[in-house]
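Student: I would like a close look at one contact between two chains. Please take that part slowly, then go on to the rest.

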Amino acid sequence: MTDVQQTRIAAGAMTADTAFRVRMRRLFGVLQGMASNPATVIGLVVIALMLVMAIFAPWILEPNSPDPYQMPRDWGAVRKPPGTPGHPLGTTNEGGDVLYGVIWGSRTSLQLSLMVVGSTMIVGTIVGSIAGLVGGWVDEVLMRLVDVFLSIPELIFALAIAAVLGPSFGNIILALAVVLWVKYARIMRAQVLQIKQHDFVDAARVIGDTKLNIYLRDILPNAVTPVTVQATLDMGNVVLIGATLSFIGLSEAGIAEWGVLVSEGQAGIASGRWWASTFPGLMIFLWALAFNLVGDGLRDALDPRTEGR
Amino acid sequence: MQLRDYILRRLMVLPVLIIGVSIVVFTLTRIGGSPVGIYLSHEMTPDEVAEIEARFNLDKPVWVQYIYWIRGIAMGDFGWSGVAAAPVADVFPLKLAATMELAFASGLVALFLGIALGTYAGARRNRLPDHLTRIVAVSGASLPQFWFGILLLIIFWAHIGIAPIGRSDAAIFASIAHPTGLYTIDAILAGSPTALWDAIWHLVLPSITLGYGATAIVARMMRSALVEELQQDYVDAARAKGLAERIVLKRHARRNALVPTVTVIGLTFGFLLQGTITVEIIYRWPGLGRWMADSVLRGDQATLMTYVLFTSVLFLVVNLIVDLVYANLDRRVTLGK
Amino acid sequence: MTTTGWRNGLQAGIAALALALAVPLAATAQVNNPGLLVHAADDEPTTLDPAQVEPGEGGETVILQVYDRLLDIGPASPELIPSLAVAVPSVENGGISSDGMTYTFMLREGVTFHDGTAFTADDVKYSWDRAMTMDLPEGNAGALSDVVASTEVVDDMTFRATLSEPSASFLNSAVVSMVASIVSQDAVEANGGVEAGTPNPFMAGNMVGTGPYKFVAWNRNENIQLEVNDDYWGENAKLDVRIEIGGDPDVRVLGLRAGEFDTIETDPSFIADLEGVEGVTVYSGGLLLEPLHIGFNLNIPEGALPSEDTIPVDFFHDPRIRQAFNHAFDYEAFLNGPLAGFGAFNAHYTPIGIFGHDPNAPVYSRQNYAEAERLFREAGVWDEGFTVSVITEEGNLFALMCLVLKDSIERLNPKFRINVLAVAESVFDDAHAQNPLEYAMWAKNADPAADPNFYMQAYQHPDGEWGEVHGFANGYRDAERVASLIDQAAVELDPAKRAALYSELQTMLYEDPMWLIGAQEGVVSAHRDWLMGFAMQPLWPRPSLKFAFFDK
Amino acid sequence: MLDAQHGAAPVASVRDLKVYFQTKRGIVHAVDGVSFDIRDGETLGLVGETGCGKSVTGRSFLRLLPVPPGIQAGGSVMFNGHAVCAACAGVGCGACGSTGRQAGRDSSVDLLGISSEDMRRIRGDRIAMIFQDPGKALNPTLPIGAQIAEVFFQHRTEELIALAGLPADTAGAIRRFASQSPRFGDGWLLALPGARAQRRQVEAALAKMVASALAETQVPNPVKLMARYPHELSGGMRQRVMIAQALACNPDLLIADEPTTALDVTVEARILELIRDLQQRRKTSVLYISHDLSLVRRISDRVAVMYAGRIVEIGATAEIFANPRHPYTRGLMAAAPSADTPRGKLAAIRGTVPELVDPPSACRFLGRCPHEAGACRSNDPALQVVAPGHSVACFIDHPAPSGERPTYDRVTA
């Protein structure tokens, strides 16, 4: 009996250690895989540029006082075309500087996506983990709740929530968070269930590890990859849905956010004032594209099946 | 036998999900404050406000209101739409027909185009056509539809002036009967080429706008499914039989790649349904999506509740059908379990 | 390196791009849709029933075309003209009794409803009684029931109304209002009849009137179709009508430029896009009688404000703060920006064009930061600052006015913060209908009227409609004086003396403002050149057009 | 090098075959200069560990390598196809001496050099292949019959038309149907009454051919089997179907790539027997690829041992097993699975197959070899004859250029 146990302990310790090494080697492989895909590299570069723009926005363009997330409105210079002195990308119907909107919009978008993805990831991970670890009726109830949430098409759901809460950027964040956490819960639960089957988790259990320990050391790190892929894709997706909600009219007026700018600038497109929505629209497109490219690249790099035979 | 158990289980869960959705929807609209704001004005006395609330049973406890709502739905009464100034149930079928026509047109185009594109790319993996298709696919999923639509509108409607907006020419519309509400079908039934052409012509730009993203989804799925199938042994086995590459691709790989691609129909359907909102706004398409957007902005809760509930049920049913079809189609699924 | 360096480089390149892309749209020369007038409307009606329609709501436009009223207002002047009544009642022609209590209308013979039934005095009585009986809260029945004590059919072609008290504005405000439209008794009785407090679904979506247009169809969210009534008692309309509903403002502008629409509803901010466009005529003239205003709430319930707000509930009790807001607002920016120059400064409640407006009375028309700062300092809020929310409807001029206010106040002192809550129409209506109001400030426009007394009662009198909701009595420097001046003016029959009273009020209220009035909006409209007989009458429901006059 | 007792020209000769793969880590030399012959009618066993390149070698006969990332780096695979006896269509008759072959009409082609169209004609007809896992190598969504039918469509159109009782000059949609090359609109054409009848005839003929092909593999009730799907069958049955499909056209060469690995041991024996039996009846040459030495010993006439992209030893089965020369072969034999060791494991040889990215000029077995000497580090041994019909690539049996010779006694750490 003790013999068997000891062998198992040894095996457990060894596999856990190997698992870590395998993970590190895989991570390295993933990075290498991503670097070899030109589309992913382009995506990474665009994301880097966007991040630089977002982080250094206050140094690129003087923040509007007192609220830098409000468009600086020059009511005396409304609807100026690009190339107007002081407004290289033109101005909006409210005299807002489009360049300011484009640059500070990256900051707003970053906030939006970080807040939504961050909160949904945390909530989803916790709920999914609880469902997967506890099992039983808790799992059943949580998963039915998740199913109900997944039954409503996400844009329509977010639209309904934002509509009910009233138009504001904060409410868009809230609506998206309410809608999107379920994806992570589902991924996380599947991961927990899958990894629970693995030998090394069994081994750890045999040597008397606490559940929490097993979870933190073995299960959580293994689940990081699919969650990361989903989060990367969501970083772009969230901005896209947010902008769509803004377009429909659920944003608050006057903030420096790309979706708001497209929707406000839309009013002038008919009259040849293409700039106020074109540039911010392009930014939404690039943002979503970049994260989609990287998310795709990440998924491909993580997917063992795409390795050459 | 396993398949039947699976179907039974799915069918049993369906009502649970629908009730769940209805509770979520109902709760949501009650959080949002008064559903009758659209009728109120500041000239009203509190008595008058109470009178309007009583008209909509808002003086009752919340759970009673929910029962009223569900009972109404069961009897075909979805409430009164303030925006359409008519019972929701009266206007809904007309709007639904408009939206479905648009969604189906886009969906069909997307399905065929997506499968063709995905096959083309998947068969030429890691070569130029594959990279180009990838760009189409990723950009399709990243392109803000409302922005794309506006750009098309500007070019083809405002600048070149060849594309129309709306759903039909009013005069041509009036010239034929509309038994189905799907104008293309109506035109065929009426045997009027003019009306058919008019209906199709009005469909073109909205379908492109809506279909682009859907094409991307299908193409992407088809590509990866095909790449996966092409790596299977049976493809090599088919080649080893001396089959021409064309037949290997069409009869074996593509055919089997279509099976997992079926699952994407559910996803695409949701995408199209959501997309109709912005596309209908832009192209003045008189469907559910535009009505919903109007209702959202004007606080027409009866419409909003019906719309969310209906689209969810539709989404659920379509996904259920897709899953069942998939389980049936893919014999490997039953084999594996 | 400064930011200007790279900005200049970017500018040069993009200016060239701008020139290349801003190609003018191709103009269409021939007349589109001959025989049909296509009007692009802003809002979808919520109802087509005169007894249910809310003043200023989209359905009024359609009701104006399809139903007739006893009297009408012509396109040229605000004078009343006969319609279904053959004469405008007056004391001289015996239509108004000498005590001003009974009005007798001689009706037009040989008029038929669109369903073929004959028009008689019964229909008039039925229509008015119907509106007053239904008394729908959302409708405007009060315009009749507030003054009409009883109605009576004298004979087939004579109708008499008895008032509850004399009213000089009965004809102007009640008889021509949409709620007083004459509906077909037979049609209503055949479709649900009259039930107190309950809307009639048939009438909400159908119309049987006597007007120059017959109702054909209402395709929700799409269009409303009307056709010429060939049996009209007056001059026949020339063009069938299709009212296109619910396009975005820019789609309407595009459609007009492309020639798909003949007339469009627009607001001044879009006029710049239409000026100089070949084939399009921009009509502008006169001012709307609906000042754009922001209200100060002096009656905020404790704890009701949004959580971000830092002001005390009695914030606006101090007239200096209200004055300071009025001084700080950038009027020129608002007029020249969102209103594109169409409008006038008139910072108090006797609108330009209304009797009693004193052009010499002081108005807030220029941003005066020095004065605003002085007043804010005096009121003791300068150093600490404040945050206050202003609620308004999203997506229109009101929201833009709020943004101008936000910029004006926040630039004056960064410690001052204005949150603009631009919400859905129904949410706003809901908030706006509460008494007491749970927001410190809100923005909208005033309801139009023809007489100064209406504005004074509704918007300035401490016991008036808003005086009560907003608690003006808490804030006026001399509430009794304001009340008595308004009451005096209401009954003063000598125009000169009355004008003097209003003049005094204007001066007084300048020092003690209860509103911030951004501007009085100009009347603007745009239509295709090929449209003949274009006329506007601001006293008609917006967009103030009668399609029957048009031809092309 | 040719075995005297056969004397005939080999059915296939592989010369200096090199197949490289482009991977993220570099170019993998999966097959690196392999030469051997397959003699007419013999069974050649190709053994080695997983990843040694034996499957790639086998697939090279059919050019079934993914183009990128596979690189056909060089060498040749000469194939001497036989012309089918005109009298009996390959069944075997008096005219051809029961060989089914028309004497003197053999043609030799380099399989690596011909056009893909020519290659396609050879595949399934002259050279066929059986795959490792019949569950994966059969299309899961097509009935068995339809899958075997494809071989006949492809290579036996004429016979099909003849068997259906149609004139040999049948053209148009029916011919296209019988050769599985439909054009757009053929569906409608074939629905026409006249064509439909002809089509039925073709289908009936086809069913007959498929059934007889299946019957060859001793499956019960072949007609019923035709309508079933692969997943409805057991593994053994599936492999029988694969074999029927492969042998349908009576090929000259059969590549059997671990055909029994995925099967139970009991089934394995029966399948082996079947292959053996069919091979002997039809005089088909077989390249039998396996990692299982004992299995190869049972079925092969000759054995080639592959290691790391090279053939290290080749010779008659008896000779090899009696007198293994290469240390790797010896290692394999020592590790030969007995009844209770799990299959597919060669646990006794320490280490693993080296990565084949840019291999150095040294013995590939270096590092795993218990007898390695200095010469093995700097020289790459080539295959040399050590006995008649027995070649080995090791310096033990033929000195390295330096003259150094490791011996079996020497064991280094």
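Student: How many residues does the contact take from chain A, and how many from chain B?

Tutor: This is a predicted model, in which local features need pLDDT of at least 70 and side-chain atom pairs count only at pLDDT 80 or more, while totals for chains, interfaces and linings use all residues. Residues are numbered from 1 along each chain as its sequence is written, and chains are lettered from A and ligands numbered from 1 in the order in which they are written.

The contact takes 35 residues from chain A and 35 residues from chain B. Two residues are in contact if their C-beta atoms, placed from the backbone, lie within 7 Å. On the side of chain A that touches chain B, at least two residues each come from helix H5 (136-151), helix H6 (154-165), helix H9 (211-250), helix H10 (258-269) and helix H11 (275-302) of chain A. H11(A) supplies the largest share, 9 residues. By type, that side of chain A has 24 nonpolar, 8 polar and 3 charged residues. Here Ala, Val, Leu, Ile, Met, Phe, Trp, Tyr, Cys and Pro count as nonpolar, Asp, Glu, Lys and Arg as charged, and the others, Gly among them, as polar. Helices (H or I, at least four residues) and strands (E, at least two) are DSSP runs, numbered from the N terminus.

A residue is buried if 20 or more other C-beta atoms lie within 10 Å of its own, exposed if 12 or fewer, and partly exposed in between, with C-beta atoms placed from the backbone. Among the buried residues of H10(B) are B:Tyr234, B:Asp236 and B:Arg239. Their cover includes helix H9 (193-230) and helix H11 (245-283) of chain B, together with E6 and helix H3 (134-137) of chain D. B:Gly242 follows H10(B) and has a positive phi, near 95°.

Eight strands of chain D form an open sheet of mixed pairing, in the order E6-E7-E8-E3-E9-E10-E12-E11. Strand E6 (127-130) and strand E11 (384-387) of chain D are at the edges with a single partner strand each, so one side of each has no neighbour in the sheet. From one strand to the next the twist averages 20°. Axes are lines fitted to C-alpha atoms, for helices over the stretch in contact, and angles run from 0 to 180 degrees between N-to-C directions. Helix H10 (residues 235-247) of chain D packs on the sheet, touching E6 and strand E7 (253-257) of chain D, and its direction makes about 175° with that of E6(D). Within the sheet, strand E9 (residues 302-307) and strand E10 (residues 310-316) of chain D run antiparallel and are joined by 6 bridges. D:Tyr307 has D:Arg310 in E10(D) as its bridge partner. Two strands pair if DSSP finds at least two bridges between them. Chain D as a whole comes to 15 helices and 12 strands, and 46% of its 413 residues count as buried.
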